[in-house]
Amino acid sequence: MPTRTEFMSPVDVAWLSMDEPTNLMVVNGILTFDRPMDMDNLTAVLEKCWLSFERFRQRVVRPSVPFMRPYWETDPTFDLSSHLHRLALPQPAGRAELQNMVSDLMSAD
């Protein structure tokens, strides 16, 4: 698949400029289900629904040329499985334990 580049919008550039080691500008998500879900089925659904949008397969490139706007580039090595993690909480666990675990994960380096 050839890589495609697209300059970032001014809003995306502003968001990116706020990204620092002590203030990571990342988006995290949690999916919870009423019953266990097969990871292969979940991956297939996410591939079909999310990866149909090119943006979800792209990465940010910060040019070495001063004042050149950062841009999006299709990641030729993108692998959805690198972004999906199945975790289990020790039982008994509820919403508070889930929130604590997620808080720990989101604040990790």
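Rings of Phe, Tyr and Trp, with the six-membered ring used for Trp, are taken as a pair if their centres lie within 6.5 Å. The structure shown is a predicted model.

**View A. Aromatic pairs and the cluster of Trp-50, Phe-53 and Phe-56.** Phe-53 and Phe-56 form an edge-to-face pair, with 6.3 Å centre to centre and 85 degrees between the planes.

**View B. The open sheet of 3 strands.** The strand order is β1-β3-β2, and the pairing is antiparallel. β1 (5–7) and β2 (58–61) are the edge strands, each pairing on one side only. On average, neighbouring strands of this sheet are turned by 30 degrees against each other, direction ignored.

**View C. Pairing of β2 with β3.** β3 comprises residues 71–74 and pairs with β2 in the antiparallel sense over 4 bridges. Val-61 stands opposite Tyr-71 of β3.

**View D. The largest nonpolar core.** This core has 5 residues, namely Leu-42, Leu-46, Leu-51, Leu-80 and Leu-84. When residues up to four places away in sequence are not counted, Leu-42 touches Leu-31, Phe-33 and Met-37.

Terms used. Residues numbered from 1 in each chain as written. Predicted model: local features only at pLDDT ≥ 70, side-chain atom pairs only at ≥ 80, totals over all residues. Heavy atoms only, no water. Core = buried A, V, L, I, M, F, W, Y, C linked by side-chain atoms within 4.5 Å. Buried < 20%, exposed > 50% of the residue type's maximum accessible area, 1.4 Å probe, protein only. Contact = heavy atoms within 4.5 Å. Pairing = 2+ DSSP bridges. Helix = DSSP H or I, 4+ residues; strand = E, 2+ residues; numbered from the N terminus. Axes fitted to C-alpha atoms, helices over the stretch in contact; angles between N-to-C directions. Phe/Tyr/Trp six-rings, centres within 6.5 Å; stacked < 30°, edge-to-face > 60°.
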